[in-house]
Amino acid sequence: MISYECKIRVRYGETDQMGFLYHARYIDYYDVARTEMLRITGTSNRELEESGVMLPVLKVESNYRNPAYYDDLLTVKVTLSQLPSVKMKFDYEIYRENGELIHTASVTLAFMNSVTKKACRPPQWFMNILKPYFD
């Protein structure tokens, strides 16, 4: 299992008329945390793309418990619980600075060959990077 925590401060332009973090922005926050988690393992989305593999989103599930507000400092925790196959599922928890859990989510991505646009297995080099986290 791999877990990573990323701090993100809610910017004014990310809020709606009610002063809440706009619901679609949560997906951006998932992406930031997931991208940074891959970096700590020693790889990146860019490296996957350069090797001919894309990661389209198959499914997003968001559970809004309490709103986030402008200037809140949030902790986005992302977890990869299983080694990927043709899919990778990431789970998310978002906490307010006081430790209150305000949001949970999951995002499922697929591995896709960038030329054929068909599902594929993750590259072996990518699996070699992730495997030690699951031993």
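Predicted model: local features only at pLDDT ≥ 70, side-chain atom pairs only at ≥ 80, totals over all residues.
Me: What makes up the chain, in terms of helices and strands?
Reply: The chain has three helices and seven strands. Read along the sequence, they come in the order β-α-α-β-β-β-β-β-β-α.

Me: How do you know whether the radius of gyration agrees with that of a compact globule?
Reply: For 135 residues, a compact globule would have a radius of gyration near 14 Å. The chain has 16 Å, which agrees. Along the principal axes, its C-alpha atoms fill a box of roughly 45 × 30 × 20 Å.

Me: What share of the residues is buried?
Reply: Buried means under 20% relative accessible area, and 39% of the 135 residues in the chain are buried. The chain exposes about 7,700 Å², and carbon and sulfur atoms supply 49% of this area.

Me: How are the charged side chains divided between positive and negative?
Reply: There are 17 positive and 17 negative side chains. The centres of the two sets lie 7 Å apart.

Me: What share of the contacts joins residues at least 24 apart?
Reply: Taking contacts between residues at least 6 apart in sequence, 68% join residues at least 24 apart.

Me: Which residues of the largest nonpolar core touch the most other members?
Reply: The core has 30 residues, and L74, F90 and Y92 touch the most other members. Elements giving two or more residues to this core include strand 1 (2–9), strand 4 (73–80), strand 5 (87–95) and helix 3 (124–130). Helix 1 gives the most, with six residues. As background, nonpolar side chains tend to be buried together in soluble globular proteins.

Me: What is F90 in contact with, leaving aside its neighbours within four places in sequence?
Reply: F90 is in contact with R34, M37, V78, T79, L80, A105, S106, V107 and L109.

Me: What makes N66 buried, partly exposed or exposed?
Reply: N66 has 33% relative accessibility, so N66 counts as partly exposed. This residue is found in the loop between strand 3 (57–64) and strand 4. Leaving aside neighbours within four places in sequence, N66 is in contact with Y26, R96, E100 and I102. N66 and H103 are 37 residues apart along the chain, while their C-alpha atoms are separated by 6.9 Å.

Me: What is the phi of D71, and in what kind of residue?
Reply: Phi of D71 is near 75 degrees, a positive value in a residue other than glycine. Most residues other than glycine have a negative phi. D71 lies in the loop between strand 3 and strand 4. At 42% relative accessibility, D71 counts as partly exposed.

Me: Where is K117, in which loop?
Reply: K117 is in the loop between strand 7 (112–113) and helix 3. Its phi is near 60 degrees, which is positive, and K117 is a residue other than glycine. Exposed means over 50%. K117 has 53% relative accessibility, so K117 counts as exposed.

Me: How do you know whether M1 is buried or exposed?
Reply: With the exposed cut-off at over 50%, the value for M1 is 56%, so M1 counts as exposed. M1 is found in the segment before strand 1. Not counting residues up to four places away in sequence, M1 touches T79, L80, S81, Y133 and F134. M1 and D31 are 30 residues apart in sequence and 18 Å apart in space, C-alpha to C-alpha.

How values were computed:
Residues numbered from 1 in each chain as written. Heavy atoms only, no water. Helix = DSSP H or I, 4+ residues; strand = E, 2+ residues; numbered from the N terminus. Rg over C-alpha atoms; globule rule 2.2 N^0.38 Å. Buried < 20%, exposed > 50% of the residue type's maximum accessible area, 1.4 Å probe, protein only. Contact = heavy atoms within 4.5 Å. Areas by Shrake-Rupley, 256 points an atom, 1.4 Å probe, with all protein chains shown as cover. Lys, Arg positive; Asp, Glu negative; His and termini not counted. Charge placed at Lys NZ, Arg CZ, Asp CG, Glu CD. Core = buried A, V, L, I, M, F, W, Y, C linked by side-chain atoms within 4.5 Å.
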